[in-house]
Amino acid sequence: MIVQRVVLNSRPGKNGNPVAENFRMEEVTLPESINEGQVRVRTLYLSVDPYMRCKMNEDTGSDYLAPWQLSQVVDGGGIGIVEESKHTNLTKGNVVTSFYWPWQTKAILDGDGLEKVEPQLVNGHLSYFLGAIGMPGLTSLIGVQERGHITAGSNQTMVVSGAAGACGSLAGQIGRLLGCSRVVGICGTPEKCVLLTSELGFDAAINYKRGNVAEQLKESCPAGVDVYFDNVGGDISDTVISQMNQNSHVILCGQISQYNKDVPYPPPLPPATEAIQKERNITRERFLVLNYKDKFEPGILQLSQWFKEGKLKIKETVINGLENMGAAFQSMMTGGNIGKQIVCISEDASL
């Protein structure tokens with residue numbers, strides 16, 4: 001059986017910007033038969049995420065991320081349907097997901113590395129398992145719960161950077177659901193600003209590419225900032241931290257502005273910002289969702305419930321075709337997406 005796959009064609013270099021040409025498509029033959037414990041799957045949706053930029057380097061700079069190898073198939077979050085199974089817990093027709101799904105149209109995988117998902121949790125929107133009802137949703141929920149220290153009724157103001165992205169668009173809504181009285185988003189286009197305030201329930205939105213961010217932040221957060229969900233790092237974060245209150249909290253989700261630079265993670269703060277952090281006792285600890293696996297199941301159920309009740313609005317940007325994986329990745333890294341960036345490989349979930 002001939003299938004298509006995407007391999008790493010070249011590395012952008014530690015300080016380079018990734019481009020679609022870093023990836024290439026090729027054909028490969030799958031064995032006709034599968035072994036005990038294996039399943040053959042057809043890929044429905046694949047995810048592109050900022051953390052993948054680190055996997056493009058020979059050294060990812062992280063102990064939990066293995067680098068992609070040149071001319072080898074690329075992998076990441078994926079969801080698909082079981083076409084054939086020799087695994088005791090999986091049967092033909094099951095919908096399964098994995099964090100290490102190969103970028104190919106069909107694949108033979110070890111059944112132990114797959115998680116069966118229930119389509120009714122997402123009302124049949126299977127791609128949501130790669131976003132709001134999956135890892136980005138859990139990152140947002142657990143990050144806010146564990147690091148945000150939100151107390152309902154205590155008039156807290158939350159700021160979210162990268163607010164129209166996969167995690168940011170959820171984190172602001174979750175902050176509100178858990179009791180923040182004011183939620184402000186920072187993003188990069190007028191269209192995203194309108195979306196945040198008109199659809200996702202943010203009180204205000206700041207376009208960091210227009211005008212003075214510090215002034216707009218003061219205007220939007222007159223009582224200062226108590227919780228900061230940081231997806232970007234860099235200058236924007238320095239500006240937010242300078243307006244944070246005593247004993248406030250930074251939720252360190254990601255630092256996308258720094259991912260094309262050879263700096264440690266999380267990047268150190270400039271001396272002036274670090275002085276503010278220490279003086280005001282602002283917590284800013286590295287947050288890794290994989291350390292909270294015991295909270296995944298209740299977290300998914302909570303996210304699903306909010307979605308079904310209409311309390312959590314889900315946004316995604318879908319590009320079609322395996323041949324567009326590289327373009328989708330490049331677009332996501334430069335803010336071309338609203339909500340989760342997904343690539344649809346096959347919409348047909350029937351057998």
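Q: From which domains does the lining of the largest cavity draw at least three residues each?
A: This is a predicted model, where local features need pLDDT of at least 70 and side-chain atom pairs pLDDT 80 or more, while totals for chains, interfaces and linings use all residues. Residues are numbered from 1 along each chain as its sequence is written, and side-chain values use heavy atoms, without hydrogens or water. A cavity is a set of points on a 1 Å grid over the protein atoms alone where a 1.4 Å probe fits but cannot get out, and lining residues have an atom within 4 Å of a point. Here, at least three lining residues come from each of domain 1 (2-131 + 315-344) and domain 2 (135-290).

Q: Which residues line the largest cavity?
A: Domain 1 covers 2-131 + 315-344, and domain 2 covers 135-290; such bounds come from an automatic or database assignment. The lining of the largest cavity consists of Gly131, Ala132, Pro136, Ala166, Ser169, Leu170, Ile314, Lys315, Gly339 and Lys340.

Q: Which residues of domain 1 lose the most area to domain 2?
A: The two domains bury about 1,700 Å² between them, 60% of it on carbon and sulfur atoms. Buried area is the accessible area (1.4 Å probe) lost on putting two parts together, summed over both. In domain 1, 30% of what that side buries belongs together to Tyr64, Lys315 and Ile338.

Q: How many disulfides does a search of the whole structure find?
A: A disulfide needs two cysteine sulfur atoms within 2.5 Å. For Cys187, the nearest cysteine sulfur is that of Cys193, 3.6 Å away. The search of the whole structure ends at zero.

How values were computed: 1 Å grid on protein atoms, 1.4 Å probe; cavity = no way out; pocket = protein on both sides within 12 Å on 5 of 7 lines; lining within 4 Å.
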